[in-house]
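Here is a short briefing for a reader new to this structure. Take a look at the sequence and the model, then read on by topic.

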Amino acid sequence: MQLTRRPGIALLLLTLPGVAVAHFQLPLAATTPWPPFRGTDHDEYEFKWPIRTVAIIGAGPSALVAYRELTEVGLKVRLFERDNVPGGNWHYTEEVALDAPVPNAPCPIGDFVPSFAPVGVELPYSAECEDDAEIRRDHRGPKPIWESLTSNSPSPLQQFNQWPWPTGTIWKVSHYGFRNYIRAYASYLHINSNDENPATAYNTRVELIEKRINAEDEEQGWRLWLKSLVPTGNNTSRATWWTEDFDAVVVATGRYNAPVMPSIPGLDHWVRRFPGLVRHSRQYRRPEAYANQTVLIVGASVSGSEISRDINPWAATVYQSFRADNDTTAHYRLENFLRRLPSNTTFVGELKSFLPIPEGTPIQSGLIELINGTIISGIDSVILATGFRYSFPFLPQYYDDTLYTPHEGSVATVSPFLALDGSHLRDLHLDLFYIRDPTLAFLGINLGTQPFSYSDYLCLALAKVWSNTAKLPSSQIMQEMHEELVEDRGGYGKNLQFLGPGRLTDNIRYFIGWLNQAAVEYGGKQIDGLPKYSAEVGRYWAIAQYGGPLTERPSVEDGVLESLGLTTASDSGKARQRYNPMYDDAW
């Protein structure tokens, strides 16, 4: 390379045989922009149809909790998973996704392009096809985890409350451990892929969701357009398309499906010229592939910093490019992740352009220009750790209704609420219920939280509301609450769904107050707060991983940026967020 120019309870809890770990209930007072709902009949939301059947899309941790809660209140549930096993992202394979396009694919198809049966055929329709590795890979969707990945929060804080880790489980668990743990819980619920439970449909991808209308031309539920792809022999598979109807739908497909490829001039040329050498972080698997190489990693957040650590012992040199963190909305600042980088990492500034490379010359001859005028050369591989977008290919009409042609029996017009750039979701009550129609819900969309623990509150809310044992406020009140939330979080943008420790604590208090009061009024179970030991475990974890609570350490970010000729906004202009690994499930 050439360079030319909130406090918890101070209690260390030891788990002993025969000793139960108690939970505590958080105070009902909360600092959310709104108090727990206490409605009367005239200001409650009234559903247009009774909810008896529910579809869950996905089989990750949140989806399993949703299945548990919804079936416990007597709803008939079907779970659809495009992969062949449960676990969501916790299913490592050596298989990697195709190189992401530059510029980015439109967000509605950022994850996959839906596949439908031939026009005019009667459903269900099946077709035998020769195995095509690309089709099968696209159908199941390889997950964005690498071979050495371990949990980024301790096991006591990353577990199903109903299915705790065995006594003595180490705090830092490999992805293999999480895979087995989640599948064991799925087996406990009788919905693992080998349970042959008719409530599950593995190897099944949801291609489209549409709002149905009944014979009286009234809205009534949802129709799912489905496709399964099942191996039938060594070199053949059977594709089957069909539809199923439901009263409500839970979208639990996660946040890590559609990669963000940065808009850097010349990047598209490099991606085309050197396939496999300029890749998104979701394609990273093993450090051995980068042995003795000079590697440029673009981005230094969670995946960027952890991949850098993984590669460091193998690569000849690792260069880390990042830009100043001047975002004024609440989020985890870049400085938290820079602390994790090995001391011999070479920091470089923000990239300006990838300069054209003459045909017939290797990638090492390529030149990369930085914003500050520096020219980098001699790079063997580029890893773009530049994040993901929210992508729901089965809801294209809710991104842009102008291109929507409804099927017969579906509503003709809809109101889009999914941001075209994939940065956030609008019009969600509690980041959960779609305000215009709360029979559509989303799980696992929040940043800065742990889905294992937080899902208990979200899914109990779904179960109580849809079984009519808890009430939502009217659409108008939900919209007003949402507008207050948006203002409180700094407006629409990529951090709209960010929680972090403070907001998560407030949200849990809100759910406890609302749901437990509903249990008093309508019956059903109540819910406790997080375990007593959560804060203390998180504190010890921070010491082990980061050398201590980050808020008590001086920032390294400003010093690094200053050395690169960059500046950051003043601390007074930033919504600084204490970093607590308990509340971080980012990749």
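Arg272 counts as exposed, because its relative accessibility is 60%. Its salt-bridge partner is Asp268, with the closest N and O atoms 3.8 Å apart. The model is a predicted one. In the whole structure, a search finds 30 salt bridges.

**Salt bridges**

- Asp268 and Arg272 both belong to helix H4 (residues 267-273). They are four residues apart, about one turn of the helix.
- Asp268 has 27% relative accessibility, so Asp268 counts as partly exposed.
- Arg323 pairs with Glu350 in another salt bridge, where the closest N and O atoms are 3.9 Å apart.
- Arg323 sits in the loop between strand S12 (317-321) and helix H6 (335-338), and Glu350 in the loop between strand S13 (346-348) and S14, so this pair ties together parts that are 27 residues apart in sequence.
- Arg323 is exposed, with a relative accessible area of 56%. Glu350 is partly exposed, at 29%.
- Salt bridges with shared partners join Arg68, Glu69, Glu72, Asp456 and Lys525 into one network.
- Asp456 and Arg68 form a salt bridge, with their closest N and O atoms 2.9 Å apart.
- Asp456 is in helix H7 (residues 451-466) and Arg68 in helix H1 (residues 61-72), so the pair links parts that are 388 residues apart in sequence.
- Asp456 and Arg68 are both buried.
- As a general point, side chains of opposite charge can pair when their charged atoms come close.

**A four-stranded sheet**

- Four strands make up an open sheet, in the order S3-S7-S6-S5, with antiparallel pairing.
- Strand S3 (125-130) and strand S5 (204-213) are at the edges, each with a single partner strand, so one side of each has no neighbour in the sheet.
- On average, neighbouring strands of this sheet are turned by 20° against each other, direction ignored.
- Eight bridges join S5 to strand S6 (residues 219-231), in the antiparallel sense.
- Lys211 is opposite Trp222 in S6.
- In general, strands of a sheet pair through backbone hydrogen bonds, either parallel or antiparallel.

- Strand S14 (residues 351-354) pairs with strand S15 (residues 367-370) over three bridges, in the antiparallel sense.
- Ser353 has Glu369 in S15 as its bridge partner.
- S15 also runs antiparallel to strand S16 (residues 375-377), and three bridges join them.
- Glu369 stands opposite Ile375 in S16.
- S15 and S16 form a hairpin, with four residues between them. In the turn, Gly373 has a positive phi of about 95°.

**Cysteines**

- How many disulfides does a search of the whole structure find? The count is zero.
- Cys129 has 28% relative accessibility, so Cys129 counts as partly exposed.
- Cys459 counts as buried, because its relative accessibility is 1%.

**A nonpolar surface patch**

- Trp171, Tyr540 and Ile543 form a nonpolar patch on the surface. Together they have about 280 Å² of accessible area.
- Trp171 lies in the loop between helix H2 (133-140) and helix H3 (175-188).
- Trp171 has 33% relative accessibility, so Trp171 counts as partly exposed.

Conventions:
Residues numbered from 1 in each chain as written. Predicted model: local features only at pLDDT ≥ 70, side-chain atom pairs only at ≥ 80, totals over all residues. Heavy atoms only, no water. Patch = residues over 30% accessible without salt bridge, like charges linked within 9 Å, V, L, I, M, F, W, Y side chains within 5 Å. Areas by Shrake-Rupley, 256 points an atom, 1.4 Å probe, with all protein chains shown as cover. Salt bridge = Lys/Arg side-chain N within 4 Å of Asp/Glu carboxyl O. Helix = DSSP H or I, 4+ residues; strand = E, 2+ residues; numbered from the N terminus. Buried < 20%, exposed > 50% of the residue type's maximum accessible area, 1.4 Å probe, protein only. Disulfide = S-S within 2.5 Å. Pairing = 2+ DSSP bridges. Axes fitted to C-alpha atoms, helices over the stretch in contact; angles between N-to-C directions.
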